[in-house]
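Thanks for taking a look at this one with me. Please open the sequence and the structure side by side before reading on.

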Amino acid sequence: MMSTSSSREEWAARAALWDKHAPEGESVTDELNQILIEITGTESGDNVLDLASGSGEPAISIALKVGAKGSVTALDAHGEMLAVTRRRAAKLELSNMAFEIARMEDLPFADDTFDAVTCRFGLQSSEDAVQTLREARRVLKPAGKAGFMTHGVEERNTLSAVLANVIRSTLPEKSGETPPRRLRFRDAGSLRVVFDAAGFSEVGEREVLRTVIREGGSQFWRSLLERRYGSRLKALDAEGRSQLDAAIDEAFAVYLAGDHYELQSADMVAWGTK
Ligand SMILES: C[S@@+](CC[C@H](N)C(=O)[O-])C[C@H]1O[C@@H](n2cnc3c(N)ncnc32)[C@H](O)[C@@H]1O
């Protein structure tokens with residue numbers, strides 16, 4: 001089945017930008033990965049499957065947690081994205097990682113294989129979220145746990161909301177879904193429903209609210225801007241791009257607190273047991 005808004009071609013093109021902004025080794029957003037590790041009860045020696053790993057989040061953090069006696073399988077539909085994860089794993093000399101190019105809706109693993117299944121910011125791309133969770137449950141060992149994280153509401157996500165506002169007022173509107181697909185599971189209860197429908201027990205869900213600190217004067221927003229809006233930025237010439245950058249800097253100025261920016265961040269996380 002072809003994916004819809006997250007088509008093969010789109011992800012292949014985006015992979016270069018994700019590659020450019022991926023950390024060289026360990027995660028720079030490890031705080032979120034540790035939440036997934038904690039809610040799935042992942043420990044040293046476990047065998048974990050990470051769905052829609054992209055450039056290696058949270059797969060790399062999990063590989064460091066489970067150690068040499070455990071293993072992590074990083075799965076993604078697009079090999080170009082997994083290539084970044086492979087490079088990071090090689091840099092960290094991780095020998096406990098496997099890589100699988102496959103769709104999260106149709107997992108190429110036997111029943112009862114993994115101690116835990118994780119997924120960070122990937123479920124929104126699924127063509128069938130309940131089927132994805134059913135597959136996650138099928139490949140879990142009895143009493144194994146799944147933990148999925150999705151983007152939260154835009155109003156509590158400073159970085160995302162500020163960029164979206166500036167882009168809206170600068171670049172011609174791209175016709176598409178409103179709200180965008182990446183916010184499919186932003187509302188309280190929307191992830192829990194999918195876990196329940198897939199047959200999980202002990203289902204829980206919560207919002208993850210954080211204050212994120214970024215260095216004053218740094219263009220900390222550049223990575224997300226390019227990963228999220230890379231294809232639309234191509235419409236700008238050099239002058240247009242420098243005007244956009246200046247508008248973004250100005251929009252973030254109100255979040256300066258002394259020598260750093262203070263930003264709010266909101267994500268949703270849900271978990272369940274097989
Ligand atoms: C927003 S990225 C998230 C990557 C990573 N988990 C993170 O938190 O940075 C979404 C990923 O989902 C992958 N993807 C899209 N559709 C998929 C599908 N049907 N099955 C598996 N992976 C898919 C994309 O290739 C991309 O790497």
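Here are some points to guide a first look.

1. A word on the basis. This is a predicted model, in which local features need pLDDT of at least 70, side-chain atom pairs count only at pLDDT 80 or more, and totals for chains, interfaces and linings use all residues. Residues are numbered from 1 along each chain as its sequence is written, and side-chain values use heavy atoms, with hydrogens and water left out.

2. Please start at the ligand.

3. Oxygen atoms of the ligand lie 2.6 Å from a polar side-chain atom of Asp-76 and 2.7 Å from a side-chain N or O atom of Arg-120. A ligand nitrogen atom is 3.1 Å from an N or O atom in the side chain of Glu-105. On its own the ligand has 600 Å² of accessible area, and the protein covers 97% of that (Shrake-Rupley method, 1.4 Å probe).

4. The loop between strand S1 (47-51) and H3 deserves a look. Ala-52 sits in this loop and has a positive phi of about 50°, although it is not a glycine. Pro-58, also in the loop, is joined to Glu-57 by a cis peptide bond with omega of about 0°. Helices (H or I, at least four residues) and strands (E, at least two) are DSSP runs, numbered from the N terminus.

5. Is Ser-61 buried or exposed? Ser-61 is buried, because its relative accessible area is 3% (buried means under 20%, exposed over 50%, partly exposed in between, with a 1.4 Å probe and protein chains only). Ser-61 belongs to helix H3 (residues 59-66). Leaving aside neighbours within four places in sequence, Ser-61 is in contact (heavy atoms within 4.5 Å) with Ser-27, Asp-30, Asn-33, Gln-34 and Ile-37.

6. Finally, Glu-202 in strand S6 (residues 201-215). Glu-202 has a positive phi of about 45° although it is not a glycine, and it counts as exposed because its relative accessibility is 59%.

Terms used: A polar contact is a pair of N or O atoms within 3.5 Å; within protein, one must be able to donate a hydrogen and the other to accept it, and residues adjacent in sequence count only if both atoms are side-chain atoms.
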